[in-house]
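Visitor: Hi! I'm new here and would like a friendly tour. Could you show me what we'll be talking about?

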Amino acid sequence: MYSTVEDLSRHRLRIIDDAVAAFKDTEFFSGLDRPSEDIARAVCEGLLDLLMEPEKSRDPHVVRRFMEWAYNLIRKKSAKTDRTIEFLNIFEGIVKRPLNNAEDKDIDEFFELCREIVKQKHAELIRSPP
């Protein structure tokens with residue numbers, strides 16, 4: 001994991017810039033008080049920084065708090081789970097671009113945890129009364 005963190009650190013600015021470029025004109029973060037580019041940057045920086053903290057990125061409680069925050073920023077209320085997972089899939093692809101295949105396992109585990117948390121959040125919302 002530490003070699004992955006080193007490579008992520010080295011490519012951090014490019015990863016964030018690529019992600020913001022990919023998300024700024026989408027509807028993922030539009031309709032909020034701040035420009036979608038600013039929100040996309042905050043979410044992408046936060047998620048990448050979390051990924052770069054080996055202990056925190058494997059702690060389900062820490063990841064859950066971040067993903068609940070990100071989930072609440074994603075627009076399209078009726079399809080929030082699908083949209084959040086779509087965001088995670090796109091961002092994961094951007095993160096993996098500059099890395100070698102050996103480092104993919106660490107990235108895959110983190111994003112799979114994120115997707116599981118989003119699915120659990122969706123299940124909780126379905127069970128809770130309006």
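Visitor: Thanks! How many aromatic pairs does the structure hold?

Guide: The structure holds 7 aromatic pairs. Rings of Phe, Tyr and Trp (its six-membered ring) pair if their centres lie within 6.5 Å; planes under 30 degrees apart count as stacked, over 60 as edge-to-face and the rest as tilted. Before we go on, this is a predicted model, where local features need pLDDT of at least 70, side-chain atom pairs count only at pLDDT 80 or more, and totals for chains, interfaces and linings use all residues. Residues are numbered from 1 along each chain as its sequence is written, and side-chain values use heavy atoms, with hydrogens and water left out.

Visitor: Good to know. Why is the pair of Phe23 and Phe87 tilted?

Guide: The ring centres of Phe23 and Phe87 are 4.7 Å apart and their planes stand at 50°, so this pair is tilted. The pair links distant parts of the chain: Phe23 is in helix α1 (residues 2-23) and Phe87 is in helix α5, 64 residues apart. Helices here are DSSP runs of H or I with at least four residues, strands are runs of E with at least two, and both are numbered from the N terminus.

Visitor: Is Phe23 buried or exposed?

Guide: Phe23 is buried, with a relative accessible area of 1%. Phe87 is buried, with a relative accessible area of 1%. Buried means under 20% relative accessible area, exposed over 50%, and partly exposed in between (1.4 Å probe, protein chains only).

Visitor: Which residues form the aromatic cluster?

Guide: Phe23, Phe28, Phe87, Phe91, Phe110 and Phe111 form one aromatic cluster.

Visitor: Let's zoom out. How many helices and strands does the chain have?

Guide: The chain has 6 helices and 0 strands. Of the 130 residues in the chain, 43% are buried. Taking contacts between residues at least 6 apart in sequence, 69% join residues at least 24 apart. Contact means heavy atoms within 4.5 Å.

Visitor: Can we look at two helices together? At what angle do α2 and α5 pack?

Guide: Helix α2 (residues 36-51) and helix α5 (residues 80-96) pack at about 65°, with their axes 12 Å apart. The axes are lines fitted to C-alpha atoms, for helices over the stretch in contact, and angles run from 0 to 180 degrees between N-to-C directions. The crossing of α2 and α5 is right-handed. A crossing is right-handed if the near helix is turned clockwise from the far one by less than a right angle, and left-handed if anticlockwise.

Visitor: And which residues make the contact?

Guide: From α2 come Val43, Cys44, Leu47, Leu48 and Leu51, and from α5 come Phe87, Leu88, Phe91 and Val95. The residues of this contact of α2 with α5 divide into 9 nonpolar, no polar and no charged. Ala, Val, Leu, Ile, Met, Phe, Trp, Tyr, Cys and Pro count as nonpolar, Asp, Glu, Lys and Arg as charged, and the others, Gly among them, as polar.

Visitor: How far does α5 reach?

Guide: α5 has 17 residues and reaches 24 Å from its first C-alpha to its last, close to the 24 Å expected at 1.5 Å a residue. The expected span is 1.5 Å times one less than the number of residues in the helix. For α2, the 16 residues should span 22 Å, and its end C-alpha atoms are 22 Å apart, which agrees.

Visitor: Back to α5. What does Thr84 touch?

Guide: Thr84 lies in helix α5 and counts as buried at 1% relative accessibility. Leaving out residues up to four places away in sequence, Thr84 touches Met67, Tyr71, Ile74 and Val118.

Visitor: What about Glu45, where is that found?

Guide: Glu45 is found in helix α2 and counts as partly exposed at 26% relative accessibility. Not counting residues up to four places away in sequence, Glu45 touches Arg12 and Ile16. The C-alpha atoms of Glu45 and Arg12 are separated by 8.6 Å, although the two are 33 residues apart along the chain.

Visitor: One last stop: which residues is Val5 in contact with?

Guide: Leaving aside neighbours within four places in sequence, Val5 is in contact with Met52 and Pro54. Val5 lies in helix α1 and counts as buried at 13% relative accessibility.
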